[in-house]
Amino acid sequence: MTLFSEEQRESVQTAFLDPQSLWNDLNHFYIREAWLLDDRRFREWFALFTEDMMYFMPRRKNVPVREAHREIPPIGTDLPYYEDDRKLMEVRLQRLESGMGWAEEPPSRTRHLVGNLVIETVGEDEVVAKTGFICYRSQLEVDQSIYAGSRTDVLRREDSEWRIAHRTIVLDANVILDKNISIFF
Amino acid sequence: MTITTTSTKKYKILDPETGALDPRIYSDETIYREEMEKVFGRSWLLIGHESLVPNPGDFFHTYMGEEPVILTRDRQGGLNAMLNVCRHRGARLTRTDDGNCASFMCVYHGWTYGLDGALEYVPGEEQAYDNKLDKTKLGLRRARVETYAGLIFATWAPDAPSLEDFLGDARWYLDTEYKRRPAGFIAYGPQKWIQPVNWKTSVDNCSDWYHVPTTHSSASNALARVMGATRYTHEWNWTVPAKHAFVNGHQIAVFETTGHEAPAEEVERLGEFRANNVAASASSIFPNTVLGMRLAIPRGPLQTEFWHFALVPADATEEEKRVLRMEHASQNGAAGTFEADDIDNWRQVSNSGATFIGAQQEQLLNMGLGNAGPHDVYPGMVTDRFVSEHNQRAFYLRYQEFMNAGSWADISLEPQTAVYEGTTAEM
């Protein structure tokens with residue numbers, strides 16, 4: 001199995017001399033990001049996003065196969081679980097830092113396993129990258145939940161670093177089986 | 001076949017003199033089973049919004065208590081609420097959340113029903129059933145449906161009063177939210193998630209501003225700092241010009257916006273006084289509509305499925321809609337910075353009566369006893385105390401009344417005295 005279609009390989013090669021290096025670079029980025037989340041270094045995690053960031057988690061509906069286009073309502077058409085710009089994400093972080101964000105006091109124990117990286121498109125200073133993830137959450141005495149899903153990111157090159165400009169998280173769930181979503185993906 | 005009342009037990013769960021509450025009402029399996037009959041089996045229940053089924057053939061899958069229900073818009077434009085259970089073997093007729101169709105076919109044996117629930121087709125009606133099946137008697141179980149300001153309610157009870165009587169004077173307040181804008185609302189959502197709580201805890205919490213400065217301090221402080229939002233402190237609670245009104249077990253927090261000059265079209269719709277002075281805020285409609293258009297759907301004594309819709313004015317600009325959506329998602333709902341901090345509190349309240357010693361410790365709902373009564377201007381039972389436990393008492397007494405009633409004949413309705421001004425006076 002190759003990581004790029006022939007067409008993609010060509011576009012990747014145009015932007016970066018070596019597509020494998022790009023893939024390695026992004027994979028490293030995502031592994032580092034997962035550790036930041038699981039080590040609760042949320043400020044450093046937040047710094048991975050651009051100023052004009054969007055953190056979006058749509059609903060996922062039960063629809064017939066032939067109406068698959070309705071399964072995931074696009075941004076602007078529905079009430080998603082997350083539709084955060086930088087300011088709203090700042091509210092979430094300040095809450096966690098306050099010592100009184102009770103949903104995370106004591107904090108969750110999370111483990112994000114992120115993989116299956118594919119690079120969907122490559123632009124001049126942006127790439128669209130897709131990953132799959134499993135996230136285990138344990139909290140308080142016996143609470144635990146498992147989230148699975150995909151993330152599609154628009155990553156932008158800023159000051160020789162990758163930044164997340166737009167993240168769409170699609171959970172593999174209809175009714176969320178967790179008491180609250182006070183963790184990040 | 002008649003399914004008779006499961007119990008004739010008379011509940012005394014709340015002492016109105018002392019505010020002492022029996023905590024076993026949250027976790028007891030027998031009580032829960034009886035609620036499914038006596039509360040959810042007979043009350044009017046919010047099941048959806050007209051904007052979810054705007055066109056003929058549209059359907060939205062919803063719940064009345066634990067019962068799966070299909071809400072449809074039929075070819076004549078009428079609304080139908082039908083039990084999503086096939087009359088043959090009890091399989092579900094649709095497994096999708098919403099859509100548009102001409103009929104519902106059970107995927108077990110192919111029995112097919114129309115948008116109004118009529119049984120239209122049975123495979124082998126002649127060959128297998130010898131033409132002896134009376135299809136006219138085998139339609140889906142239908143609930144009564146009525147609407148208020150785009151909100152769709154249904155009840156299983158043939159003897160239930162009209163929705164207008166059920167809402168009573170609560171409507172005078174709710175109008176100031178649901179009828180203020182001429183174009184009505186569009187419902188976005190719902191978010192759906194399961195909370196490990198008893199459904200009642202979220203309803204009684206809906207008017208509980210006492211918990212806000214403590215439970216929600218982190219979200220409120222951060223929102224104040226970052227977005228310039230109101231900081232919900234105790235001091236704010238004690239001094240905000242607001243009231244609470246209670247009617248038939250419903251509750252409305254009312255902000256007095258004296259001095260506000262509403263746009264002319266709102267004055268025309270609501271009358272001068274309500275348009276300018278009354279702004280309904282957090283409301284709960286008995287039994288399980290919580291804080292606007294949100295449902296606490298029972299899934300067992302200690303499990304509740306929450307449905308969070310966002311109502312957005314249909315004539316709002318794209319920018320206004322965006323702001324409303326983002327506000328809804330970031331503050332309440334499954335990932336809401338406010339709501340996230342409620343859940344463990346409600347869970348602990350729900351579990352408090354589930355242990356031997358815990359069951360012996362009554363909960364205390366005595367705050368502000370005696371400070372609510374009739375008001376010259378505002379209908380219903382009204383309190384000037386923004387922080388009190390009047391709603392908890394009113395809600396649990398109403399709940400007790402439902403649990404002890406043999407039928408709707410035993411359930412009281414408060415007399416309607418509200419005077420409606422404006423063009424939206426009609427239900």
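## Close-up views of a predicted two-chain model

In this predicted model, one residue pair is in polar contact between domain 1 and domain 2 of chain B, with both residues at pLDDT 80 or more. Strand S2 (45-49) and strand S3 (58-64) of chain B each bring at least two residues to the side of domain 1 that touches domain 2. Sorted by class, that side of domain 1 has five nonpolar, six polar and two charged residues. The views below begin with these two domains and then move on to the partner chain.

**View 1. The two domains of chain B.** Let us start with the overall layout. The domain assignment of chain B gives domain 1 as residues 45-146 and domain 2 as residues 168-410. Their C-alpha centres lie 33 Å apart. Where they meet, 13 residues of domain 1 are in contact with 18 residues of domain 2.

**View 2. The area buried between the domains of chain B.** The size of an interface is often given as the accessible area lost when the parts come together. Between domain 1 and domain 2 of chain B, about 1100 Å² is buried, and carbon and sulfur atoms give 69% of this area. Which three residues supply more than any other three of the area that domain 1 buries against domain 2? They are B:Leu46, B:His49 and B:Tyr63, which together supply 42% of that area.

**View 3. A salt bridge between the domains of chain B.** The rule finds one salt bridge across the interface of domain 1 and domain 2 of chain B. Look for B:Lys192 and B:Asp97, which form a salt bridge whose closest N and O atoms are 4.0 Å apart.

View 4. For residues 44-154 of chain B, an unreviewed UniProt entry lists "domain: Rieske". How much of this stretch is helix, and how much is strand? Over residues 44-154 the chain is 0% helix and 42% strand. If you follow the chain from one end of the stretch to the other, you will find that the end C-alpha atoms are 5 Å apart.

**View 5. Chain B meets chain A.** Here 43 residues of chain B are in contact with 40 residues of chain A. The area buried between the two chains is about 3500 Å², with carbon and sulfur atoms giving 56% of it. B:Val226, B:Arg325 and B:Met326 supply 15% of the area that chain B buries against chain A, more than any other three residues.

View 6. Six salt bridges are counted between chain B and chain A. One to look for is the salt bridge of B:Asp98 with A:Lys61, where the closest N and O atoms are 2.8 Å apart. Several elements of chain B each supply at least two residues of the side that touches chain A, among them strand S6 (98-100), helix H7 (217-227) and helix H11 (318-331). Helix H7 of chain B gives the most to this side, with nine residues. By class, the side of chain B that touches chain A has 18 nonpolar, 14 polar and 11 charged residues.

**View 7. A salt bridge within chain A.** Over all chains, the count comes to 49 salt bridges. In one of them, A:Arg60 pairs with A:Asp172, and the closest N and O atoms are 2.7 Å apart. A:Arg60 lies in the loop between strand S1 (49-57) and strand S2 (82-84) of chain A, while A:Asp172 lies in the segment after strand S6 (161-171), so the pair ties together parts that are 112 residues apart in sequence.

How values were computed: Residues are numbered from 1 along each chain as its sequence is written. Chains are lettered from A and ligands numbered from 1 in the order in which they are written. This is a predicted model: local features need pLDDT of at least 70, side-chain atom pairs count only at pLDDT 80 or more; totals for chains, interfaces and linings use all residues. Side-chain values use heavy atoms; hydrogens and water are left out. Domain bounds come from an automatic or database domain assignment. Contact means heavy atoms within 4.5 Å. Buried area is the accessible area (1.4 Å probe) that two parts lose on being put together, summed over both. A salt bridge is a side-chain nitrogen of Lys or Arg within 4 Å of a carboxyl oxygen of Asp or Glu. A polar contact is a pair of N or O atoms within 3.5 Å; within protein, one must be able to donate a hydrogen and the other to accept it, and residues adjacent in sequence count only if both atoms are side-chain atoms. Helices (H or I, at least four residues) and strands (E, at least two) are DSSP runs, numbered from the N terminus. Ala, Val, Leu, Ile, Met, Phe, Trp, Tyr, Cys and Pro count as nonpolar, Asp, Glu, Lys and Arg as charged, and the others, Gly among them, as polar. UniProt positions are given in the numbering used here, feature names are shortened, and annotations may be inferred rather than shown by experiment.
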